[in-house]
Amino acid sequence: MRIPQHVAIILDGNGRWAKQHGMPRNYGHTQGAKNVEIICREAWNLGIKYLTVYAFSTENWARPQEEVGALMKLLRNYMKNCMKTAEKNHMRVRVIGDTSKLDADIQESIHRLEEFSKGQDGLNFQIAINYGSRDEMLRGMKKMLTDYKEGKFQLSELDEEKFESYLDTCEIPAPDLLIRTSGELRLSNYLLWQLAYSELYFTDVPWPDFTKEELVKAIEDYNKRDRRYGGLKEE
């Protein structure tokens, strides 16, 4: 079976899963966070080298204040636990998104985690926090225009590769496969530039119930696709 190098996941369905189990939404988010660690391990064991998950979008700030507060608390705890997980599983962890909008203690935890794990040689794990693809591209263009005005590159040098160097995902290959759980059929402002040639897989399974077996199903479906770039079939 051909294993995709990079899998991106939209972790959807935590709240609905909790409601189905007669529990508050925050319980679903907690269980979803626990499942991230499991899937990271299973992805690496399957041979996946990069895994990028959508944890908190720029639009999520519009959720009820109580839920946002609970998510931030969960994020604080997760950052601490992720340090141990990164060491145990040899993961390199990077956060993409506009972290400047997060509280100072969370920003510090992210910095410590990224510095601590940057030498690891296992799974490359990216977490999208306060991330929106349109926001990412606008931020990237502002940096790019500043560099251009300062004479750091010529207009003739501007191409796709140059633009990508200003995105949060620079130095990270584009996803081969996107998985979205819980039945929604949209991209929700996630990695819009990076997903240009990715295969898309949607499942009704909510994220807390997404297992190794479900991941294998997605990869098996990916293997059925006729991957073509510019009309040429991938060898």
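A pocket is here an open set of grid points, on a 1 Å grid over the protein atoms alone, with protein on both sides within 12 Å along at least five of seven lines. The model under discussion is predicted.

**Pockets and cavity**

In this model the second largest pocket has a volume of about 300 Å³. Its lining is made up of 20 residues, and those closest to its centre are Glu164, Pro173, Ala174, Trp193 and Gln194. Helix H6 (residues 160–164) supplies the largest share of the lining of the second largest pocket, namely 3 residues.

The largest pocket holds about 710 Å³ of space. It is lined by 31 residues, and Leu11, Tyr54, Ala55, Phe56 and Asn60 lie nearest its centre. Two or more lining residues are given to the largest pocket by each of helix H1 (14–20), H2, strand E2 (50–57), H3 and strand E4 (124–131).

The count of cavities of 30 Å³ or more comes to 1. The largest cavity has a volume of about 50 Å³. His6, Thr52, Gln126, Thr169, Ile172, Pro173, Ala174, Pro175, Leu191 and Gln194 form the lining of the largest cavity. Pro173, Ala174 and Gln194, among the residues that line this cavity, are also among those closest to the centre of the second largest pocket.

The volumes and the classes of the lining residues are set out below.

| Space | Volume | Lining residues by class |
|---|---|---|
| Largest pocket | about 710 Å³ | 16 nonpolar, 8 polar, 7 charged |
| Second largest pocket | about 300 Å³ | 10 nonpolar, 4 polar, 6 charged |
| Largest cavity | about 50 Å³ | 5 nonpolar, 5 polar, no charged |

**Packing of H2 and H3**

H2 and H3, which both give residues to the lining of the largest pocket, also pack against each other. Two packed helices are described by the angle between their axes and the distance between the axes. For helix H2 (residues 25–46) and helix H3 (residues 65–89), the angle is about 20° and the axes are 10 Å apart. H2 is therefore roughly parallel to H3, since angles under 35 degrees count as roughly parallel. The crossing of H2 past H3 is right-handed.

On the H2 side, the contact involves Arg25, Asn26, His29, Thr30, Ala33, Val36 and Glu37. These residues meet Glu67, Ala70, Leu71, Leu74, Tyr78, Thr85 and Lys88 in H3. By class, the residues of the contact of H2 with H3 comprise 6 nonpolar, 4 polar and 4 charged.

Conventions
Residues are numbered from 1 along each chain as its sequence is written. This is a predicted model: local features need pLDDT of at least 70, side-chain atom pairs count only at pLDDT 80 or more; totals for chains, interfaces and linings use all residues. Side-chain values use heavy atoms; hydrogens and water are left out. Axes are lines fitted to C-alpha atoms, for helices over the stretch in contact, and angles run from 0 to 180 degrees between N-to-C directions. Helices (H or I, at least four residues) and strands (E, at least two) are DSSP runs, numbered from the N terminus. Angles under 35 degrees count as roughly parallel, over 145 as roughly antiparallel, 65 to 115 as roughly perpendicular and the rest as oblique. A crossing is left-handed if the near helix is turned anticlockwise from the far one by less than a right angle, and right-handed if clockwise. Contact means heavy atoms within 4.5 Å. Ala, Val, Leu, Ile, Met, Phe, Trp, Tyr, Cys and Pro count as nonpolar, Asp, Glu, Lys and Arg as charged, and the others, Gly among them, as polar. On a 1 Å grid over the protein atoms alone, a cavity is a set of points where a 1.4 Å probe fits but cannot get out, and a pocket is an open set with protein on both sides within 12 Å along at least five of seven lines; lining residues have an atom within 4 Å of a point. Grid points are joined across faces, edges and corners, and a volume is the space filled by probe spheres set on the points.
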